[in-house]
Amino acid sequence: MKVKNYLLVFATVVVALALFSSCDDDFLERHYEGGTLDDDQIQETVEALPNRINSSISGMYSLLGKPDGFFDRGSSYRADDAGYPGIALSQDLNSGNMVNVVSGYDWFSAALEYSDRTPTYANPRIRYGLFYKIIYAANDVLSAIPADTDNKQLIYARGQAKAMRAFCYLSLAPYFQFKYVGNEDKPSVPIVEEGTDFRNNPRASLTDLYDYILTNLTDAISDLEGYVRPNKSAIDQNVAYGLRARAYLNMEAWSNAAADADKAMAGYTPYGISELTKPGFNQATDHNWIWALLLPTDVISAGNYATWPSQLGSFSGDAYVAYAGIYRSINVLLYNKINDTDVRKNWWLDENKTSPYLEGLTWEDPATNVVYEGQAIATASIADVKAPMDAYANVKFGQRSGIGSAYNDGDWCMMRAEEMILIKAEALAMGGNPSQGKQVLENFIKTDRDPSYTTSATSAEDLQNEVWLQRRIELWGEGFGMSDAMRLGRNIIRYHPNQPTNVPEDYRFNLSKDDPWLLLRFVQGETNNNVAVEQNEGGAQPSQGDGASLMDGVI
């Protein structure tokens, strides 16, 4: 480590040790008696920093997936406090892609009915506060790393912290302001850094926020050169490129988005048709996963409801979804757009409640020892465990411990090769190369999803719509449904009058792309404590039948 100013470096290290460990008082006392240190003591203190910072980096990642990670109430938890997977579920339920029945057991009903714009509700508090909790942790890490360090561990940690900070802002931006292009000067969310006056911190414009995101990611890409991560929970250079590709996509910086998507998926290949034969999406080691939350059984205890298998999957032996029959299902309007020859159509039950994904599976009733096999699983009723599944219920996701297990475990995919392929296809088409974008899209779908696939789209705009359709199918349940509609500036469509629908009457409405109610509200704690925050206002919670004449250009 270059040491230009011992006092400055030591002050930084002292701050770091104080931040990262509450049991270091004796360490500091031994090494800072009388307020002075000799060279050996400084070196010993400095050498302790990388390990402590790496520990804090791991803690920062764990916040993303940890049950009860936001409210942190010990043995008492909320079933919707499921970390980033819970936030992703909320975003998808806001969209027109996912539906479920009306139920008093549904912790996520606020997202379906759009009452989640109420600033005092827990759901929007989690969706806002978790990201700032991680931002504060990233800022603490960055403030502890000397600016002129040449320690590789510290440089890699700095890159991860900057990328994570950018990810958090990127996860907030689409929900607090409309699409980037045309709204660049409008307010988004506050930027928080060391020295920020938290009580008087106005919202940054979209331009300033995205400049900040890009700066952080560009720095991270540089810092992460040569970094070999211990597992896929850590951000490496591929992930940083992928995050920057998402940012450029939002900004409609097409050539940059395509280039970064290419770099992000280097070394990763999509699932093939032969691999998509049963419920899954729970193993970080899969060859297409670029970034993941690791959620093994030692993190997820039996019966923990604040998990994605409990709240999104259909196969838990101890969860609200199966118990109360609130199966997360695909909107039939979207389902009907999937070719019968597309392997992804098996990710949901059909109108007869069957799917090839159920073949070879068993679910045992622990009370009666009756074993349900194959297609019988869908219609089986197991007392206090499982209600019969709905038509169009998802069977895409299965927890790692197996069908009917009370362990709601399974890794969560944060980024995979397929997303990057679709970013590249859209960006090429919109960036002046429609034929090249079409080729990328057709090669992926024909090779890995539907051998009979073709698209008649030739113009940039038609190809963008086709990519959006494929994203809605491919990334269903993974948290992209609402952010895509917002970045594209599209209406939220759940139903069409006089067409078959599986959307319950309470949730049967459409919203215009410029309806102010689409914007999340700042939570009460933020507006109480930050006098400079301007609240999003306007619009009203939608009612049954609203927006009946609206279309989105795809379904």
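## A buried residue in a loop

Ile235 touches Tyr61, Gln160, Ala163, Met164, Leu224, Tyr227, Ala240 and Trp291, leaving out residues up to four places away in sequence. This residue lies in the loop between α9 (206-223) and α10 (237-251). Is Ile235 buried or exposed? Ile235 counts as buried because its relative accessibility is 0%, and the cut-off for buried is under 20%. Please keep in mind, as you explore, that this is a predicted model.

Ile235 and Asp340 are 105 residues apart in sequence, and from C-alpha to C-alpha they are 37 Å apart in space.

## The whole protein

Let us step back and look at the overall fold. The protein has 20 helices and six strands. Along its principal axes, the C-alpha trace spans about 80 × 60 × 45 Å. What radius of gyration does the protein have? The value is 24 Å, which agrees with the figure near 24 Å for a compact globule, because that is what 555 residues would give.

Buried residues make up 60% of the 555 residues. Of the contacts with a separation of 6 or more, 70% are accounted for by residues 24 or more positions apart. The accessible surface comes to about 21100 Å², and carbon and sulfur atoms hold 47% of that surface. As for charge, the protein has 46 positive and 72 negative charges, and their mean positions are 4 Å apart.

## Two paired strands

Next, find Trp291, one of the residues that Ile235 touches. The bridge partner of Trp291 in β6 is Met415.

Most residues other than glycine have a negative phi.

With that in mind, look at Asp384, whose phi is near 60°, a positive value in a residue other than glycine. Tyr392 also has a positive phi, of about 75°, although it is not a glycine.

## A covered helix

Helix α19 (residues 481-488) is mostly covered, with eight of its eight residues buried. Which residues are they? The buried residues of α19 are Gly481, Met482, Ser483, Asp484, Ala485, Met486, Arg487 and Leu488. You will spot two charged residues in that list, Asp484 and Arg487.

What covers these residues? The cover includes α5 (84-94), α8 (152-176), α10, α16 (417-430) and α18 (460-474). Just after α19 comes Gly489, which takes a positive phi of about 70°.

## A residue in helix α18

Ala460 counts as buried because its relative accessibility is 15%. Which residues does Ala460 contact, leaving aside its neighbours within four places in sequence? The answer is Ala429, Met430 and Pro434.

The C-alpha atoms of Ala460 and Arg472, 12 residues apart along the chain, are separated by 18 Å.

## One more loop residue

For a last stop, go to Ser115, which lies in the loop between α6 (109-113) and α7 (122-144). Is Ser115 buried or exposed? Ser115 counts as buried because its relative accessibility is 3%.

Ser115 is in contact with Ala110, Tyr121 and Gln541, once its neighbours within four places in sequence are left aside.

Technical notes: Residues are numbered from 1 along each chain as its sequence is written. This is a predicted model: local features need pLDDT of at least 70, side-chain atom pairs count only at pLDDT 80 or more; totals for chains, interfaces and linings use all residues. Side-chain values use heavy atoms; hydrogens and water are left out. Helices (H or I, at least four residues) and strands (E, at least two) are DSSP runs, numbered from the N terminus. The radius of gyration is taken over C-alpha atoms; the globule rule is 2.2 Å times the number of residues to the power 0.38. Buried means under 20% relative accessible area, exposed over 50%, partly exposed in between (1.4 Å probe, protein chains only). Contact means heavy atoms within 4.5 Å. Accessible areas come from the Shrake-Rupley method with a 1.4 Å probe; for residues, only the protein chains shown count as cover. The place of a charge is taken as NZ of Lys, CZ of Arg, CG of Asp or CD of Glu. Two strands pair if DSSP finds at least two bridges between them.
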